[in-house]
Amino acid sequence: MTERYIFSAETDRVDRARVHQWLSEQSYWAQGRAREKQDAAIDASRNYGVYDIGSGEQVAYGRVVTDGVTFAWLCDVFVATEARGQGIGKMLAAGVMADLEP
């Protein structure tokens with residue numbers, strides 16, 4: 001089923017409003033996070049998404065905080081409720097790992 005989705009490491013492609021809604025309203029770890037803080041976190045991190053090829057809609061998000069040399073922390077991983085169970089989380093994690101490989 002993942003053939004209808006595409007992974008991207010392009011920060012400019014991130015749907016910031018959607019990501020903020022997911023994290024501030026639906027996650028347990030970022031409940032109530034202000035949009036300004038979320039935007040600042042995006043700006044200071046490496047960002048990843050999975051997108052529906054047909055509609056272009058973002059269906060998953062993750063970001064990595066890293067020093068670029070020895071440390072990387074994958075955080076704020078979220079898959080849209082309606083897209084779960086299709087391997088999208090695995091696609092996201094695999095894409096992140098491939099992007100971070102030296």
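**Helices and sheet in a predicted model**

Q: Which residues of helix 1 are called buried?
A: In this predicted model, the buried residues of helix 1 are R18, V19, H20, W22, L23 and S24. The word is used for a relative accessible area under 20%.

Q: What covers the buried residues of helix 1?
A: The cover includes helix 2 (35-43), strand 3 and strand 4.

Q: Why is S24 called buried?
A: S24, a residue of helix 1, has a relative accessible area of 9%. The cut-off for buried is under 20%, and therefore S24 with its 9% is buried.

Q: What makes the pair of H20 and S24 a polar contact?
A: The backbone oxygen of H20 is 2.7 Å from a polar atom of the S24 side chain. A polar contact asks for N or O atoms within 3.5 Å, one able to donate a hydrogen and the other to accept it. The distance of 2.7 Å is within that limit of 3.5 Å.

Q: Which residues is S24 in contact with, once its neighbours within four places in sequence are left aside?
A: They are A30, Q31, G32 and R33. Contact here means heavy atoms within 4.5 Å.

Q: How does helix 1 lie relative to the strands?
A: Helix 1 (residues 16-26) lies across strand 3 and strand 4. Its direction makes an angle of about 80 degrees with strand 3.

Q: Which residues of helix 2 are buried, and why are they said to line one face?
A: Q38, D39, A41 and I42 are buried in helix 2. Viewed down the helix axis, the buried residues fall within an arc of 160 degrees, so they line one face of helix 2.

Q: What makes strand 2 and strand 3 a pair?
A: Strand 2 (residues 46-52) and strand 3 (residues 58-66) share six bridges in the antiparallel sense. Within the pair, Y51 stands opposite Q58 of strand 3.

Q: Why are strand 1 and strand 4 called edge strands?
A: The open sheet has four strands in the order 1-2-3-4, with antiparallel pairing. Strand 1 (5-8) and strand 4 (72-79) each have a single partner strand, so one side of each is left without a neighbour in the sheet. Neighbouring strands of this sheet are turned against each other by 15 degrees on average, direction ignored.

Conventions:
Residues numbered from 1 in each chain as written. Predicted model: local features only at pLDDT ≥ 70, side-chain atom pairs only at ≥ 80, totals over all residues. Heavy atoms only, no water. Pairing = 2+ DSSP bridges. Helix = DSSP H or I, 4+ residues; strand = E, 2+ residues; numbered from the N terminus. Axes fitted to C-alpha atoms, helices over the stretch in contact; angles between N-to-C directions. Buried < 20%, exposed > 50% of the residue type's maximum accessible area, 1.4 Å probe, protein only. Arc of directions from axis to C-beta.
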